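Dear colleague,

I am passing the structure on to you with this message, and my notes on what was found in it follow below.

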Amino acid sequence: MAATIEYKCPCCGGNVEYNASMGQMQCPFCDTIFDVAALMEKDEALNNVQPDQMEWQTPEQGFDPNSMDGMNVFTCKSCGGELMTDANTAATQCPFCGNPIVLSGRLSGALKPDYVIPFKVTKQQAKDQLKQFMSKKKLLPKSFASDSHLDEIKGVYVPFWLFEADADAHINYMATRTRTWSDRDFRYTETQHYRLIREGSVGFANVPVDGSKLMPDDMMESIEPFNFSEARPFQTAYLSGYLADKYDVDKETSKGRANERIKQTTQSVFAGTTGGYATVTPESTTVNLRNTNVHYALYPVWLLTTTYEGKKYQFAMNGQTGKFVGNMPMDKKAYWKWQLLYTAMFGAGAWVLLFLLGKLLGS
Amino acid sequence: MKKVFALLLTFVLTFAFLIPVFAEQTETEEETMVLFAADENAEEGETAVLFAADDGDDGSEEDDSVVLFAEDEAKESDVADGEILTVGVLQHVIDLTNGEYLSEADRAKLEQDAQRLSDDFGMDIVILINYDPGAKTAEAYADDYFDYMGYGKNSTKDGILFLRCMESRDWHISTCGHGIDVFNDNTIDYIVGEMTDDLRNDRLYPAFSTFLSLTRDCLRADAENQPIPGADTDNQQIQDEDSGKKPNIAFRVSGILIAIVGGFLIALIPMSKLKREVYNVSFRSGAADYTKPNSLNLRTKQDIFLYTNTSRVRIEHNDTSRSGSRGGSSTHVSSSGMTHGGHGGKI
């Protein structure tokens, strides 16, 4: 069984890539367009349940496999060049000829993703977004946009665990309602105390948890949400031209994060049903999950790395929605300048208000 | 004869405590003496009944002042039962310093003005000058002099007394009856404010001329139902310059501080938005985007009433904070039991 899958254009022999803006496979050389589904038979081999296969191709120089733990070497079918990848890489590009390579061994059997959301945003769009992201930010040092340079931009399919569950919750609250009135001598406050009981369920689907150790989890959560309605059953064709990683955080470990998020939202949904009270405090909360299901999916992310004043800054862009995030340095001077400006503005407003109030009460 | 002596003695002993106070009283133009009609049936040691008597000015007893005691020693007097002794008219300007600060001519002039003023408005206007109030407070001295000397017209004892102590530098205005209403604390401050310079420099005649003139203005305004000069608290004139500024400055400074702090805190809101433009990577708190639409199935929704709790807070009423105040006058009760208004100070 072939360790790598490559898609050759039947017209010109070039390597076909998944075109994000068109949503179809396109040969970048002769511009011929192919339907993704048509290339499905190439994937049939993946359906055979195989034990985890890492096909080793050791170079002749007496390369010691143990010293490169987790690193593997593959040979490019097009140019014969050898490429080294880490244990998780599932799709990559040949560093010599740029040929997209899909490492099927990493995507078969238990490792086969259930779904993939194909890229919708192109590389050029990602670059443009970065430029836009760096502009018009009041607290960004002025030189950031001009002095930073883009080191690397890569489109990666990031492995995610998608959790589905029905959350059964039973929450008790203590709530109060108040009423005030006064007569000539006293001001009265009446507080009525209630117990609120809410019991029911909320359904969740496709709650994503980052399955890659390398990808910073907070960054992956920041570019959410991903719209699952555009997900497709997995086909390696989508990966062609992009990088992809298989998961290295298993679903058991990821469950904790999913539960946390599900519980949080369940609590807030239930709290939303307790209207009409002055104060509401949860007294006891129980959340149980049933009908749980976990899927494995690859989601598209553009990763950009820039260097500014010797420091590296990483940006991520949701390859489906275009949402752009990334931490940038903050210009402290600009921060205080704006803080002072706003303080003066609101302070003047507050002073005028107090002045008017004083006049009103004094008269 | 014996009865007369006994009654005289009783009176003297009753008011013996006043002796050192009034020991320095100067001779008056007319002899003032205890006036009373003897009660034939009084025994030795009993207090006698007092009657008003004609002081000779208009042939009637009405409105004639009665002095309770005049001399500092009991005197046997050949007075027959029922005989009416001549009595002196109460003075309105009393100088217990014996002319040291005020010439007799000036005093007489003031006396005339004060007398006329008192008659015109039906209220006793009294000016009293001494060295110092001795063991008493200036307030007690003024109140007692007014009460025990019998000042105050009508049953309500309407009047105002200005006490000036030349050595202790006290001044005190004591009001009684309708005087409390006409001369409230602000008006008193206003009047004294106009007199301050003259009092400080011991120019008594100008000071008291001012006093009588301003008092006349106030009484006239009161009679005509006009606002009394100086009574309004917002009146710039009556506010002492220093005390007026202090609360104002404190208010302004605290107002500015509150505005700055408030502005700083409110400014944090747009600043946090600006910060998020630059620091925007964070974990998401929930999974709100991934709820199945319309999947909320609330099987139990119960709101159970438990109990109710009512608390109350007493409302502060401003008018109780100044006990017994009337229209801006703080009042107190003197040793004789009369209610007096007014206040004093040092110049």
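A residue is called buried here if its relative accessible area is under 20%, exposed if it is over 50%, and partly exposed in between, with a 1.4 Å probe and protein chains only; helices (H or I, at least four residues) and strands (E, at least two) are DSSP runs, numbered from the N terminus. The model is a predicted one, in which local features need pLDDT of at least 70 and side-chain atom pairs count only at pLDDT 80 or more, while totals for chains, interfaces and linings use all residues. Residues are numbered from 1 along each chain as its sequence is written, chains are lettered from A and ligands numbered from 1 in the order in which they are written, and side-chain values use heavy atoms, with hydrogens and water left out.

In chain B, helix 4 (residues 138-148) is largely enclosed by the rest of the structure, because nine of its 11 residues are buried; among them are B:Tyr141, B:Tyr145, B:Phe146 and B:Tyr148. Just after this helix, B:Gly150 adopts a positive phi of about 85°.

Over all chains, a search of the whole structure gives 32 aromatic pairs, where rings of Phe, Tyr and Trp (its six-membered ring) pair if their centres lie within 6.5 Å, and planes under 30 degrees apart count as stacked, over 60 as edge-to-face and the rest as tilted. One of these is the tilted pair of A:Phe144 and A:Tyr308, with 4.8 Å centre to centre and 55° between the planes. As A:Phe144 belongs to helix 2 (residues 144-147) of chain A and A:Tyr308 to strand 14 (residues 279-308) of chain A, the pair ties together parts that are 164 residues apart in sequence. A:Phe144 is buried, at a relative accessible area of 0%, and A:Tyr308 is buried as well, at 4%. Elsewhere, ring pairs join A:Phe119, A:Tyr157, A:Tyr242 and A:Trp302 into a cluster.

A:Lys137 lies over the face of A:Phe133, 4.1 Å from the ring centre, and the charged end of A:Lys138 sits over the ring of A:Trp338, at 5.3 Å from its centre.

With kind regards

Key. A charge sits over a ring if NZ of Lys or CZ of Arg is within 6 Å of the ring centre and within 35 degrees of the ring normal.
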